[in-house]
Structures are given as structure tokens and as C-alpha cells.
Amino acid sequence: MSTAISQEERALPHISPNAGEPDVKVEDPVPAPLAPEAPPRRFRIDLVAAAPWLVVIGLFIVWELICRGFDVPEYLLPAPSAVWAAGVEYWQPILLHAGQTSFTTLAGFAITVVVGVLLGALVGSSPIIYKALYPLLIGFNSIPKVAFVPVLVVWFGIGTIPAILTAFTISFFPVLVNVATGLATLEPELEDVLRSLGASRLDILRKVGLPRSMPYFFASLKIAITLAFVGSVISETVASNLGIGYLMMSASSSMNIPLVFAGLIVIGAMGVVMYEVFAWLERRLTKWAHRGPNSGM
Amino acid sequence: MSFVRFENVSLAYTPGSPLAIQDVSLEIQEGEFISVVGPSGCGKSTLMKLVTGLKAPTGGYVYVGGRQVGGPLKIVGMAFQASNLLPWRTTLENVMLPLEIVEPFRSELKSKRKEFEEQARALIKRVGLAGFEDKFPWELSGGMQQRASICRALVHKPRLLMLDEPFGALDAFTREELWCMLRDLWQESPFTVVLVTHDLREAVFLADTVYVMSKRPGRILVKREIDLPRPRDLDVTYTDAFSAHVHVLREHIGHVRSH
């Protein structure tokens with residue numbers, strides 16, 4: 001957000017040099033009126049930055065109060081304090097399993113990026129391929145992936161490979177659709193400009209199509225990474241002896257409910273971290289598409 | 001032989017559909033500035049697609065530079081009502097785009113990038129955008145974007161410049177400024193220009209020859225030579241001779257619209 005704003009501010013004085021100069025000269029001798037305005041503005045920005053933390057902390061407090069106030073038994077809903085205690089007690093296995101889950105998720109996600117971009121480029125740049133592939137892709141995407149895990153197990157055995165493939169199959173569709181949309185909605189005038197210069201289809205794809213679909217692509221990455229977590233954990237829950245999904249399964253079968261919740265919170269936290277990483281990448285690499293007042297979203 | 005030549009050209013966008021333009025014949029000399037005016041939807045933009053080879057005629061022949069047009073031409077620069085600048089490229093990078101595509105520039109770009117950049121910068125300066133080379137399109141005003149768009153259309157030194165209502169979205173003052181910019185560029189080293197426009201004053205001020213087209217299917221109804229002396233100053237638009245030209249064209253358009 002701050003980078004986008006500072007860019008516009010830098011641009012303004014150039015566009016209207018005459019409008020900018022007198023203002024600066026007036027400000028110099030009278031710095032006083034500016035001072036009272038500054039603190040509330042800084043306070044507001046701090047509030048915006050703190051808001052998500054406040055909501056999370058608030059949620060935990062309410063949760064804790066409910067558990068204590070109504071004396072909820074731990075095997076139904078453990079209080080955050082009990083979940084925290086379980087997390088501290090089992091930090092080593094949690095770390096081990098979380099590492100496995102991150103690995104399978106990121107591996108599946110990497111396949112998603114490659115396959116999603118390639119298929120998306122194919123589907124988006126040719127109406128025939130679009131027509132031909134779309135029903136199949138939608139059909140495949142409609143299959144609940146948990147129903148597909150047993151098949152993967154038959155093919156590859158339990159463990160890492162089904163988890164990676166489930167993460168991939170559950171997350172590649174939004175990437176494909178977004179890349180295809182970015183390419184298919186190319187303005188015809190833009191294409192005419194390039195074609196009238198004698199550009200080949202590959203030229204148009206490289207110079208205009210792909211750069212233009214980058215914002216769509218990055219938006220889809222944020223969705224795909226969270227879906228990839230869902231996929232790998234589903235597979236680990238059904239067929240694995242490693243990973244957060246497996247940890248939660250075995251914890252619940254021994255009625256260690258606080259550990260189950262610790263696992264849930266770890267998955268959620270990993271999802272948020274990965275989402276933020278890709279949101280940050282998106283802002284860095286497609287700054288031109290995010291220049292409005294809400295560019296920090 | 002004339003530079004651009006239409007022989008009884010017709011075009012239907014899909015086979016069997018009504019014709020977009022019908023039986024159009026016209027000739028444009030090398031270095032001539034022509035303008036095409038007509039009611040909206042009369043196939044003016046179709047005419048541009050035919051000249052540039054983006055569309056093949058259903059009937060008749062189109063010749064450019066003595067050769068029949070068979071596919072997209074590479075000696076053409078185009079600019080549209082929307083500037084169509086790429087928002088992820090700076091002004092300079094946008095203007096350089098044709099040099100990355102058109103031969104021989106394309107293969108020489110690596111070795112001569114400095115030189116080409118200098119030429120692009122000179123052109124940008126020429127249209128009054130000095131200091132904005134490294135700005136992004138969304139940091140420019142509408143008029144500035146259109147100036148950059150015309151730079152992009154001219155940077156590879158095309159023999160034919162096609163303009164499709166390039167000033168249509170601008171306010172009256174900016175539009176007149178850009179008329180003068182285009183006039184100066186053309187006067188300096190005349191290239192062939194086809195300007196499609198709704199604005200009769202624009203057509204008369206800039207063009208050597210103005211063509212009036214009919215409603216769909218588009219046909220050429222009137223060809224009018226504009227004999228106003230060059231170089232033309234904006235003051236010429238207040239003269240009687242100028243008004244007479246505009247008036248005559250206006251009557252033809254009114255006639256077209258009422259039928």
C-alpha cells in the first residue's frame with residue numbers, strides 16, 4: 001500500500017509542477033497547522049495494521065471465556081489454554097509433521113503452478129482447445145478429491161506421493177481458469193496493434209498476453225495455496241503416517257482433543273503465512289495493477 | 001501507380017451476413033493525408049482493417065505499395081481512440097514496443113538498443129512528452145497517453161499511418177493541440193495517413209482529401225479535395241473557405257443520415 005501511494009505522490013509534482021510549488025512555499029513559514037493533523041493519521045494506520053491481531057486475540061479470549069464459563073469438557077471443546085499446553089508439550093512431533101505437510105503442500109503447489117500456467121495458456125489462447133477441454137476439466141474439478149485418494153493409494157502406496165498429488169489436483173483449477181481468463185479477455189484493439197506490426201501468436205502471448213494475465217495469475221495463487229493445504233491434509237488424514245493430518249487422526253483416536261485443535265491451528269497458521277507470502281509477491285510483481293486506495297488488500 | 005488502391009472492394013464479416021462495406025474504390029498517393037468521415041457504424045474501421053491486411057476482402061482487390069494485400073502488413077502504424085498503452089510498461093518501453101517486433105529493428109535491437117532508445121526519446125520529445133519517458137500510462141493524462149500512442153505508431157518509421165478516431169475521447173482544446181502535433185510530424189517528413197474520424201473540422205484541417213461514406217453497407221459517396229494552403233495554422237479554421245468545406249461535408253452527412 002505504502003509503495004503504491006508514494007509512487008503517485010512522486011508523480012504528482014511532475015504532472016502539475018505549477019500547482020505543487022506555491023503549496024510548498026506556503027507551508028515553509030507556517031509549519032504549525034500541519035502538526036496536529038499528523039498524529040491521528042498515524043494512529044489510524046496503526047489500527048489498520050493491528051486489526052487482524054485484535055480480532056484473533058479477541059476470538060481466543062471469547063473462546064476461553066465460553067469454555068470456562070460453561071465448564072465445557074475438554075473432550076468436546078478444549079480451551080485455548082489447553083490447546084496451547086498441548087502444543088508446548090508435543091512441539092517436537094508437531095514440528096516434524098508440520099514440516100512434512102509443508103513439503104507435500106509446496107510440492108503439490110509447484111506442480112499446480114507449472115500445469116496450471118501451461119494448460120491455462122493453451123485453453124486461453126485457443127477457442128477450440130477451450131471448447132474441447134472445459135467440460136472435462138469442470139467434471140474433474142467437481143469430483144471430491146477425498147474420493148480420489150484411495151485410487152492414488154492403490155497406484156502409489158500411502159504417504160508422500162498421494163498427498164502431493166491431492167494437493168495438486170485440488171488446487172490447479174483456479175490457476176488454470178485465471179490464466180485462461182487473463183489471456184482470453186485480451187482487448188482486440190491491443191491484438192490488432194501487434195498484428196498490424198506483423199507479430200506472431202507467440203509474440204502476442206509473450207509481449208501482451210502473459211504480462212497482462214499476471215494479476216489474474218497471482219490472485220489465483222493466493223487461492224491455490226490455501227486449497228493445496230486442504231488437499232495434502234485430506235490425503236494425510238486418509239492415507240499416511242506422517243503429516244499434520246495423520247497427527248490429528250491419531251490424536252483424536254486416543255481422545256487427545258487439545259492436540260487435534262493444536263494441529264488445526266498450526267494448519268491455519270501455515271495457510272495464513274503462505275497466503276501472505278504470495279500476496280506480498282503479487283504486490284511486488286504486479287504493482288501496475290494495484291494502484292488504487294485499496295491496494296493493500 | 002498510387003500507394004494504396006481499392007478496386008471494388010466489399011467485405012462481409014461472416015459469409016452470408018450483410019456487407020459491412022460495398023464496392024469501395026479509392027486511391028491514395030504516397031505521402032497523401034486522407035480522411036474518412038461518415039455516420040457511426042458505416043464501416044470506417046472496416047476500411048482500416050482492409051488496408052492493414054487484418055481482414056481480407058470478400059470481393060475486389062486491395063493493393064498497397066503496388067502489391068496485393070495478403071496478410072497483416074508490416075509497414076503500417078496504428079493508433080485508436082483508446083491509447084491501448086500497456087500498463088506494465090513505461091512510456092519509453094511502450095513506444096519501443098514495435099521495435100521489438102518489426103524487422104529489421106527486431107534483430108538489431110540487442111546491438112543497437114542505445115541508438116534506438118535515443119530515437120524513441122527524440123520522438124517522445126517531439127510530441128511534447130519530454131520528462132515523462134519513465135512514467136507509467138496511468139500517470140499520464142488522456143492527451144498525453146494519446147501522444148504516446150501516436151509515438152508508438154510512428155517509431156518504426158511506417159510508410160502508412162492508420163488513425164481510427166485517435167482524438168475522439170479528448171476535450172476540444174487538447175484535440176486541437178494534438179491536431180497541430182500531428183500536422184507538424186507529417187509536415188516534417190510526409191508519410192501516408194488514413195484518418196478515420198467523426199469530426200469534420202478535424203478532417204478538413206488535417207487532410208488533403210476527405211471521403212464521405214454512406215450508412216451500412218458503407219460506400220464512398222463523396223470525394224472532396226481540401227485545397228487550403230499548407231502549412232495550415234489553427235487560424236485557418238475560422239476562415240470562410242474552411243467553413244465552406246465543413247458546411248458542404250456536413251450537408252452530405254446530413255443527407256446520408258436522413259436516408
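Start in chain B by selecting strand 3 (residues 33-37) and strand 9 (residues 209-213), which pair in the parallel sense over four bridges. Keep in mind as you look that this is a predicted model.

Six strands of chain B form an open sheet in the order 6-7-8-3-9-10, and the pairing is mixed. Where does this sheet end on either side? Its edge strands are strand 6 (76-79) and strand 10 (220-225) of chain B, each of which pairs on one side only. If you look along the sheet, neighbouring strands are turned by 15° against each other on average, direction ignored.

Next, find the open sheet of four strands in chain B, whose order is 2-1-4-5 and whose pairing is antiparallel. The edges here are strand 2 (21-28) and strand 5 (67-68) of chain B, each pairing on one side only.

Walk across the sheet one pair at a time:

- Strand 1 and strand 2 of chain B run antiparallel and are joined by five bridges. Select Val9(B) to find its bridge partner in strand 2 of chain B, Val24(B).
- Strand 1 of chain B also pairs with strand 4 of chain B, in the antiparallel sense and over five bridges. Here Arg5(B) stands opposite Tyr63(B) in strand 4 of chain B.
- Strand 4 (residues 59-64) of chain B then pairs with strand 5 of chain B over two bridges, in the antiparallel sense. Look for Val64(B), whose bridge partner in strand 5 of chain B is Arg67(B).

Which helix lies across this part of chain B? Select helix 1 (residues 44-52) of chain B: it lies across strand 1 (4-11), strand 2 and strand 4 of chain B. This helix runs at about 120° to strand 1 of chain B.

**The two domains of chain B**

Step back and colour chain B by domain. The domain assignment gives domain 1 (1-75 + 159-246) and domain 2 (86-157). The C-alpha centres of domain 1 and domain 2 of chain B lie 24 Å apart.

Now bring up the contact between them: 12 residues of domain 1 of chain B are in contact with 11 residues of domain 2 of chain B. Which element gives the largest share of the domain 1 side? That is helix 5 (residues 172-188) of chain B, with six residues. The domain 1 side that touches domain 2 of chain B divides into nine nonpolar residues, one polar and two charged.

**Helix pairs in chain A**

Move over to chain A and select helix 5 (residues 91-125) together with helix 8 (residues 160-184). These helices of chain A pack at an angle of about 30°, with their axes 6 Å apart. Because of that angle, helix 5 of chain A is roughly parallel to helix 8 of chain A. Helix 5 of chain A passes helix 8 of chain A in a right-handed crossing. What kinds of residues make up this contact? Colour the contact residues by type and you will find 21 nonpolar, 12 polar and no charged.

To see the side chains, show Val149(A), Leu152(A), Val153(A) and Phe156(A) in helix 7 of chain A; they meet Ile161(A), Pro162(A), Leu165(A) and Thr166(A) in helix 8 of chain A. The contact of helix 7 with helix 8 of chain A divides into seven nonpolar residues, one polar and no charged.

**Where the chains meet**

For the last stop, show both chains. How many residues of chain A are in contact with chain B? There are 19 of them, in contact with 23 residues of chain B. On the chain A side, helix 1 (2-15), helix 9 (188-195) and helix 10 (201-238) each supply at least two residues. Helix 9 of chain A gives the largest share of that side, six residues. Colour the side of chain A that touches chain B by residue type, and it divides into nine nonpolar, three polar and seven charged.

Conventions. Residues numbered from 1 in each chain as written. Chains lettered and ligands numbered in written order. Predicted model: local features only at pLDDT ≥ 70, side-chain atom pairs only at ≥ 80, totals over all residues. Contact = placed C-beta atoms within 7 Å. Nonpolar A, V, L, I, M, F, W, Y, C, P; charged D, E, K, R; others polar. Axes fitted to C-alpha atoms, helices over the stretch in contact; angles between N-to-C directions. Parallel < 35°, antiparallel > 145°, perpendicular 65-115°, else oblique. Left-handed = near helix turned anticlockwise from the far one by under 90°. Pairing = 2+ DSSP bridges. Domains from an automatic or database assignment.
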